[in-house]
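This briefing sets out the overall dimensions of one protein chain and then turns to selected residues. Please consult the sequence and the model alongside the text.

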Amino acid sequence: MRSAILPRLGIAAALTKVQEALEADCLLFSAFTPSDHNVVLHQSAPLPEGFQGELQKCGLMLEQHVIQFSSGVHHALLICEPIRSQAPIGLLCWKKTSWSADETELLRTLLTVLATLQDVEGLHRNVLKGAHYDLSSNLLNWEGLKQEMERRIPRLDRDGLAATLMIAHVPGLSEITQTHGFQAGEDALTQCIALLRKAVRPTDAIARLSGNMFALWLDGGDRFAMAERAERMTAHGIPILINPPVHLPLHIGLMCREANDPENTADNLLERASQALQTGEEEQKKWRFSHEAP
């Protein structure tokens with residue numbers, strides 16, 4: 001379970017081992033009652049006939065952690081474990097022989113571990129959902145960049161300065177992990193970010209939108225200055241010094257916001273810069289400005 005990359009894969013691996021050891025089938029679900037609306041986390045086999053009715057009878061009471069019942073030739077064991085950050089999880093196991101005390105204790109211990117894993121994953125997901133940073137690159141994500149843009153725009157309007165949103169696409173960056181290995185992929189990302197940072201001023205903001213897409217917000221950058229900047233940035237692409245070295249292209253879409261232009265919000269700028277990038281790639285151009293509203 002610890003060797004799995006994702007929690008759900010670790011849960012599946014642990015339950016598969018238990019199924020093989022106990023010669024039983026399992027259903028792991030997250031819900032307050034074992035109804036048809038459960039969130040199934042793992043299921044090794046369809047429920048035997050008659051189980052659904054038995055489950056509706058016993059319910060999943062938080063104060064009653066272990067319930068045993070029989071239906072036909074199957075002996076079932078239902079265990080509940082509360083989770084602090086979400087609905088409790090239930091583990092239903094069934095086999096054709098009775099459940100011993102040792103087997104019951106084993107499954108209770110297993111469910112405690114799985115509940116902890118689910119709790120931690122849920123907390124991590126909540127943290128990531130509200131984060132303004134991309135944890136893998138330590139850059140802003142779009143929400144973080146959007147907040148930064150909205151904070152800077154009033155000052156730019158007051159000073160009568162333009163600004164430009166630049167969307168940078170580095171084709172092939174995400175594939176380096178598959179072709180060269182995980183460490184090479186991490187090194188490639190680090191080098192790519194370093195080159196993008198050097199291409200702008202330290203006070204400009206940079207964000208990672210996806211595996212190979214980046215956004216740069218350049219204060220005071222008008223169309224003419226940003227056209228020269230984009231030409232320089234795309235001229236040599238992104239050289240990556242790994243073994244063997246890789247040279248990746250760089251495509252840029254740009255959208256300039258003039259001072260005191262309330263119509264060009266952060267979301268609108270992103271849409272138009274992204275469209276400029278897409279159009280430029282279709283036209284086989286390294287960079288392109290968005291001149292007209294989509």
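The model is predicted, and every value below is computed from it.

**Overall form**

- The protein chain contains eight helices and 14 strands.
- Its radius of gyration is 27 Å, whereas a compact globule of 294 residues would have a value near 19 Å.
- The C-alpha trace extends over about 80 × 45 × 30 Å along the principal axes of the protein chain.
- Of the 294 residues in the protein chain, 47% are buried.

- Beyond its neighbours within four places in sequence, valine 18 is in contact with Glu23, Leu107 and Leu110.
- With residues up to four places away excluded, glutamine 19 touches Ala24, Asp25, Cys26, His42 and Ser44.
- Valine 18 and threonine 203 are separated by 185 residues in sequence, and their C-alpha atoms are 55 Å apart in space.
- Glutamate 23, one of the contacts of valine 18, lies in the loop between helix 1 and strand 1 (25-30).
- The phi angle of glutamate 23 is positive, at about 55°, although the residue is not a glycine.
- Glutamate 23 counts as exposed because its relative accessibility is 69%, the cut-off being over 50%.

**Lysine 146 and aspartate 267**

- Lysine 146 is located in helix 4 (residues 142-159).
- Although 121 residues separate lysine 146 from aspartate 267 along the chain, their C-alpha atoms are 7.8 Å apart.
- The side chains of lysine 146 and aspartate 267 form a polar contact at 3.0 Å.
- When residues up to four places away in sequence are set aside, lysine 146 touches Ala266 and Asp267.

**Phenylalanine 224**

- Phenylalanine 224 is part of helix 7 (residues 223-235).
- Its relative accessibility is 68%, so phenylalanine 224 is classed as exposed.
- Phenylalanine 224 and alanine 184 are 40 residues apart along the chain, with 37 Å between their C-alpha atoms.

**Backbone features in two further loops**

- Asparagine 243 and proline 244 are joined by a cis peptide bond with omega of about -5°.
- Proline 244 sits in the loop between strand 11 (238-240) and strand 12 (246-248).
- Asparagine 260 is not a glycine, yet has a positive phi of about 55°.
- The loop that holds asparagine 260 runs between strand 13 (251-257) and helix 8 (266-282).
- Asparagine 260 counts as exposed because its relative accessibility is 55%.

Definitions and conventions
Residues numbered from 1 in each chain as written. Predicted model: local features only at pLDDT ≥ 70, side-chain atom pairs only at ≥ 80, totals over all residues. Heavy atoms only, no water. Helix = DSSP H or I, 4+ residues; strand = E, 2+ residues; numbered from the N terminus. Contact = heavy atoms within 4.5 Å. Polar contact = N/O pair within 3.5 Å; in protein donor to acceptor, adjacent residues only side chain to side chain. Rg over C-alpha atoms; globule rule 2.2 N^0.38 Å. Buried < 20%, exposed > 50% of the residue type's maximum accessible area, 1.4 Å probe, protein only.
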